[in-house]
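Good morning, and thank you for joining.

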Amino acid sequence: MKNKYRILKIAVTVIILGFLLSFSLKKFSGQKITDNKISVKMSEKTPVYFIDEKDIREIVKKENPSGKVGDLNIPALEKKINALPAVDSANVYLNLNGKLNLDIKQRVPVFRLNKNGRDFYVDEKGIEFPISKTYSHPCMLVTGDVQKDEYRKLAELVEKIDKDDFSKKYFIGISKDNGDYNLLTSEGNYKVEIGDLDNIEFKVKGFKTFVEKYLVYQDPEKYKMVSVKYQNQIVTTLNPYFKENDSILNVRNKELAKASLVPVKKADDKPKPAEIKKTNQPTSSSLKPKTVTKPKEIKKTEKKSTAAKPKTKAKIKIE
């Protein structure tokens with residue numbers, strides 16, 4: 001009897017609990033998810049605004065038109081939000097009080113790529129996502145035929161530039177031309193050629209040394225390109241449209257012209273003493289005008305030599 005009574009008591013308790021649970025679940029599923037019961041949190045470290053809370057609330061309403069807890073398909077809603085191009089991850093869950101929580105992490109662009117006439121963002125994971133019509137995120141602009149397998153390394157380069165005060169001051173963009181990467185600078189119109197994306201820190205350090213020891217004393221418009229892609233050397237290309245460079249090129253052309261004339265006046269071309277005696281043998285009177293004219297020629301050559309001296313000094317100053 002005692003065992004039967006215990007079994008009956010347990011059965012009645014389970015039935016009552018099941019009835020209460022079903023009643024509470026029915027009541028819970030019939031609850032309305034009002035606006036004040038929807039909590040949207042953006043959890044990214046860098047603030048971006050590709051999507052906002054209003055956009056998420058509209059998606060919730062479309063996925064659950066009745067607004068009831070029982071009609072809400074949480075996995076489907078989570079999948080819908082994760083499918084948004086600017087969303088990195090989304091976590092959707094309900095509390096016991098019927099409050100709907102949505103924790104969303106947006107993609108943060110590392111650089112903006114212009115490739116084949118198309119603009120799009122790339123995040124730190126190397127994932128592409130489209131430009132927003134309502135929001136533009138400030139980031140490094142990259143142009144050229146960049147391949148997808150280079151996105152991660154390029155993102156690392158941009159992050160290193162953003163973290164370094166010197167690099168952040170000088171470099172405002174990146175371009176890829178004929179397979180080589182170039183850093184675009186904020187001063188002057190010159191490019192810093194780095195070649196591939198390997199040994200970036202060493203290459204940037206080389207350019208920094210060039211700036212601190214030489215470029216700070218020069219006009220930045222003087223150069224067209226500064227190449228640091230070669231190991232342990234820096235190669236510069238002058239800007240042909242810069243006035244100072246134009247004068248340097250003219251001086252070099254004059255020097256080349258003078259150098260081409262110098263070989264004509266050789267010591268071997270002077271007449272030999274024996275030949276002079278033969279040509280001046282006829283009379284002693286013929287020697288007199290020659291002796292008179294020779295000092296005059298010497299004076300002229302001296303004047304030319306004295307006039308040439310300041311030119312060489314000017315050349316040194318230009319160089």
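The buried residues of helix α2 have a cover that includes β1, α3 (74-82) and β3. Please keep in mind throughout that this is a predicted model. Which residues of α2 are buried? They are Ile56, Arg57, Ile59 and Val60. Around the helix axis these residues cover an arc of only 155°, and they therefore sit on the same side of α2. The other side of α2 carries Lys54, Lys61 and Lys62, which are exposed.

Ile51 is located in the loop between β1 (38-42) and α2 (53-63). Is Ile51 buried or exposed? With a relative accessibility of 11%, Ile51 counts as buried, because the cut-off for that class is under 20%. Setting aside neighbours within four places in sequence, the contacts of Ile51 are Met42, Ile56, Leu84, Val87, Ile104 and Gln106. One of these, Val87, is 36 residues away in sequence, yet the C-alpha atoms of Ile51 and Val87 are 8.3 Å apart in space.

In the loop between α2 and α3 we find Asn64. This residue also counts as buried, at 5% relative accessibility. Beyond its neighbours within four places in sequence, Asn64 is in contact with Ile33, Asp71 and Leu72.

In soluble globular proteins, nonpolar side chains tend to be buried together. Here the largest nonpolar core has 33 residues, and those touching the most other members are Phe111, Leu154, Leu157, Ile174 and Phe207. Which helix gives the most to this core? That is α4 (residues 151-163), with 6 residues. Apart from this core lies another, of 17 residues, including Val40, Ile59, Val87 and Leu102.

Neighbours within four places in sequence aside, its contacts include Phe120, Tyr121, Val122, Cys139, Met140 and Val142. Phe111 is also in contact with Tyr151, Leu154, Ala155 and Val158.

As for α4 itself, this helix has 13 residues, and the distance from its first C-alpha to its last is 18 Å, close to the 18 Å expected at 1.5 Å a residue. The buried residues in α4 are Tyr151, Leu154, Ala155, Leu157, Val158 and Ile161. Viewed down the axis of α4, these buried residues fall within an arc of 160°, so they line one face of the helix.

The next topic is the largest pocket. Its space amounts to about 550 Å³. Its lining has 23 residues, and Thr46, Val108, Val110, Glu124 and Glu159 lie nearest the centre of the pocket. At least two lining residues come from each of β3 (100-106), β4 (109-115) and α4. Which element has the largest share of the lining? It is α4, with 4 residues.

Most residues other than glycine have a negative phi, and most peptide bonds are trans. Asn178, although not a glycine, has a positive phi of about 55°. Asn178 is placed in the loop between β8 (171-177) and β9 (180-185), and at 82% relative accessibility it counts as exposed. Asn199 likewise is not a glycine and has a positive phi of about 55°. The loop that holds Asn199 runs between β10 (191-195) and α6 (200-213), and Asn199 is exposed, with a relative accessible area of 59%.

Helix α6 also contains Glu201. Glu201 is exposed, its relative accessible area being 57%. Between the C-alpha atoms of Glu201 and Lys160 the separation is 8.5 Å, although the two residues are 41 apart along the chain.

I end with the protein as a whole. There are 9 helices and 12 strands. Of its 319 residues, 28% count as buried. Among the contacts with a separation of 6 or more, 50% are between residues 24 or more positions apart.

Technical notes. Residues numbered from 1 in each chain as written. Predicted model: local features only at pLDDT ≥ 70, side-chain atom pairs only at ≥ 80, totals over all residues. Heavy atoms only, no water. Core = buried A, V, L, I, M, F, W, Y, C linked by side-chain atoms within 4.5 Å. Buried < 20%, exposed > 50% of the residue type's maximum accessible area, 1.4 Å probe, protein only. Contact = heavy atoms within 4.5 Å. Expected span 1.5 Å × (residues − 1). Arc of directions from axis to C-beta. 1 Å grid on protein atoms, 1.4 Å probe; cavity = no way out; pocket = protein on both sides within 12 Å on 5 of 7 lines; lining within 4 Å. Points joined across faces, edges and corners; volume = space filled by probe spheres on them.
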